[in-house]
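Here are my notes on this one, as numbered points. Have the model open while you go through them.

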Amino acid sequence: MASDPMDPHGDHNTSRSNQGGIHAHWMPFTSNRDFKRAPRILTGADGHHYLTSDGRQAYDAFSGLWTTGLGHCHPRIVEAVSRQIATLDYAMSFQMGNDKAFALAERLTALAPAGFGQVFFTNSGSEAADTALKIALAHHHAVGDAARTRLIGRERGYHGVNFGGLSVGGIAANRKVFGASLLPGVDHLPHTMDLDHTAFCRGQPDWGAHLADDLSRLCALHDPATIAAVIVEPVAGSTGVLPPPKGYLERLRELCTQHGILLIFDEVITAFGRVGAPFAAERFGVVPDIITTAKGLTNGAIPMGAVLVRKEIYEALMTGPEQLPELFHGYTYSGHPVAAAAGLATLEAYEQEGSFAQARALEPLFEDALHDLADHPKVIDVRNFGLMGAIELAPRWGAPGARGLEVHKSCFWDEDLIVRNGGDILQFSPFLNAKPDDIAMTFDKVRRAIDRID
Ligand code: PXG
């Protein structure tokens, strides 16, 4: 066994659970005991590759965690962050401001669909979800509609892990332990996947727009005058890429408008080129009232999230005594100058490199390469939209999630490839500027890895 626990090369099947160096870190969304037997540790990155602790270059087929569309250690972002941290490392965000946060907010609203006038900064997508829900409630309160307190999410939805986002989220494994402590007054729309109708669909399925009509049922059940907001991901991401059925988002928008319900798009994944446009709202031609985002806002380099709101929402809240905050909400690090500098450099890079158009042009090639795996006997579905893709494996009998994790590990150890698995669903998030050959190489490697496991 290698003596250095950070260098697992060559003996990754052996137990190292008693060694020093890897115990203290309780890893998020990770099978800790399994991981610590053979840690997969990254120590560097450059462009489209990571450096592993055992000295290998691994191709990143997940762009960080849907975060890093421009590639790792982008020179423009590295430079902006380095300069900013040496100029203004931190500035109080309450009753004070910093120049970079204002500049980023202006730039972000200019990129957003028409009518979005303000941005509230957070540090993550989870905080953005909870902030958006609170803004929706505060808005109704401010306009004299305080009975609207109910929040509607969707089955299989993911809006982070804080109590608000978790409550409207619909991934059972994330919720079940927290039971009665989730928010009251929350209901869920059905998710939009049914393999009988949608399996191996390329892009948006033709089937499923009618599932948006379930909002009418919830309105009838709860009284629409009690519903504050509906929150959905335009393309559900972490549940394993569920593109919206054709006409679905349009129908949801219609129903929300009809009943005075605010529509929130969680664009933590789908913004900044991931679906070939600045925001999925633009790609689908459906404009919500509130947009949350994070990840690609800073190319993943510094944590930051944001909530964009339509002008009327902000304006409705600009009431009350002028010496007091209009919204009693905020984070110590809201609009952090270093994160804002990273955000500005990222948005400049997207513009200068034409990243959104670049991503859009890659879609057909990515779709073809992904769907090449459709014939594999262990594959039960392939789904995609924009540069988001998923391959769903048939679970091994009695061991759900085992195949997915084994493919992830085999890609890492045997193929020098980083692939994300959520249970038995493999997820793909190519760089906005991925090379066509690398997309082809990715799926050759994935096929070999799927072949290799039982
Ligand atoms: N909303 C959406 C739509 C997300 O995808 C969050 C909120 C939460 O963001 P933070 O920054 O608080 O993590 C996310 C995060 C996956 C995966 O495997 C995706 C996320 C998180 C963990 C795993 O696809 N997205």
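1. Start with valine 230. Beyond its neighbours within four places in sequence, valine 230 is in contact with Ile152, Leu215, Leu252, Cys256, Ile261, Leu263 and Ile264 (contact: C-beta atoms, placed from the backbone, within 7 Å). A caveat before going on: this is a predicted model, with local features needing pLDDT of at least 70, side-chain atom pairs counting only at pLDDT 80 or more, and totals for chains, interfaces and linings using all residues. Residue numbers run from 1 along each chain as its sequence is written.

2. Val230 and Ile290 have the most contacts inside the largest nonpolar core, which has 117 residues. By nonpolar core I mean a set of buried Ala, Val, Leu, Ile, Met, Phe, Trp, Tyr and Cys residues joined through C-beta atoms within 7 Å; buried means 20 or more other C-beta atoms within 10 Å of the residue's own, with C-beta atoms placed from the backbone. Helix H13 (residues 337-353) gives the most to this core, ten residues (helices are DSSP runs of H or I, at least four residues, and strands are runs of E, at least two, numbered from the N terminus). Domain 1 (40-73 + 355-452) and domain 2 (75-353) each put at least three residues into this core; the bounds come from an automatic or database domain assignment.

3. Now look at strand E9 (residues 290-293). Ile290 and Thr292 on one side are buried, and so are Ile291 and Thr293 on the other. E9 pairs with strand E8 (residues 262-266) in the parallel sense over three bridges, and with strand E10 (residues 305-310) in the antiparallel sense over four (pairing takes at least two DSSP bridges between two strands). Isoleucine 291 is the bridge partner of phenylalanine 265 and is itself partnered in E10 by leucine 308.

4. On to the domains. Their centres, taken over C-alpha atoms, are 26 Å apart. The contact takes 32 residues from domain 1 and 31 residues from domain 2. On the domain 1 side, H14 gives the most, with eight residues. By class that side has 13 nonpolar, 13 polar and six charged residues (Ala, Val, Leu, Ile, Met, Phe, Trp, Tyr, Cys and Pro count as nonpolar, Asp, Glu, Lys and Arg as charged, and the others, Gly among them, as polar).

5. Where does the ligand lie? Both domain 1 and domain 2 give residues to the shell around the ligand, so it lies between them. The ligand is surrounded by 19 residues, the closest being Gly125, Ser126, Gly160, Ser238 and Val268 (near: C-beta atom, placed from the backbone, within 6 Å). H5 supplies the largest share, three residues.

Key:
A residue is buried if 20 or more other C-beta atoms lie within 10 Å of its own, exposed if 12 or fewer, and partly exposed in between; C-beta atoms are placed from the backbone. Two residues are in contact if their C-beta atoms, placed from the backbone, lie within 7 Å.
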